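The stops below concern aromatic rings.

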Amino acid sequence: MRSDKDDLTARARIRNAALELFGAEGVNRVTLRAVAARAGVSHALVLHHFGTKEGLRKECDDYVMSLVRGGPEVDLEDAAGLGAVLEAGTPVRRYLARAFLDGTPDAAALFDEIVEATERWLEQGVGEGRVRASEDPRARAAIYVTWLLAPLAFGEHLSRVLGVGDLHETDATLQYSRAAIEIFTHGVFADDRALTAWDAVKKERRSR
């Protein structure tokens, strides 16, 4: 007889298998039987837990968003803890890449929710003194998310430029994300000439 614990474990295995397969091949190309085989469970058990492929996809979306909304916080100075999170996040990165490339209404809604969650997180950081204030918090959150997701959308080209086989593997992620974090932390320009010029253009257009 199966215990509740076994049942919950099977549900998580199915979800994780779906994350991997959906991310690698796309939702439309993956069958529930393939997910069941990857998870090591029966097709009937997948149907029992999720009913349909759409139900399973929704579970994957909800899981990804639970991470975005603020799952367990990671101490960025704890290398072991951060490394474990990056390793665990490989299927999630692949899933997000495929979801946004598919361009479905569900993917659009997922992107919007990620931006909203990121805006709240950044504003919390402003209050705590670890993030600089912005004149346009909404736009900053949207650009921040887009920058973070750009390597997923341009994976083939970035893999070629960086000389890595799989952009989603942890070593490759560390390489390109470190460069992104450096930009976010220290910036790129050494002075504010570009920003001043940009503001001057905006001011001139508003005065017309």
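The model is predicted: local features need pLDDT of at least 70 and side-chain atom pairs count only at pLDDT 80 or more, while totals for chains, interfaces and linings use all residues. Residues are numbered from 1 along each chain as its sequence is written, and side-chain values use heavy atoms, with hydrogens and water left out.

Searching the whole structure gives three aromatic pairs. Rings of Phe, Tyr and Trp (its six-membered ring) pair if their centres lie within 6.5 Å; planes under 30 degrees apart are stacked, over 60 edge-to-face, and the rest tilted.

Select tryptophan 121 and tyrosine 144. Their rings form a tilted pair, 6.0 Å centre to centre with 45 degrees between the planes. Tryptophan 121 belongs to helix α7 (residues 105-128) and tyrosine 144 to helix α8 (residues 137-153), so the pair ties together parts 23 residues apart in sequence. Helices here are DSSP runs (H or I, at least four residues), numbered from the N terminus.

Next, select tryptophan 147 and phenylalanine 184. The ring centres are 5.9 Å apart and the planes at 40 degrees, so this pair is tilted. It links tryptophan 147 in helix α8 with phenylalanine 184 in helix α10 (residues 170-186), 37 residues apart.

Now show all four: ring pairs link Trp121, Tyr144, Trp147 and Phe184 into a cluster.

Finally, select arginine 15 and tyrosine 63. The charged end of arginine 15 sits over the ring of tyrosine 63, 3.7 Å from the ring centre (the criterion: NZ of Lys or CZ of Arg within 6 Å of the ring centre and within 35 degrees of the ring normal).

Notes: Helix = DSSP H or I, 4+ residues; strand = E, 2+ residues; numbered from the N terminus.
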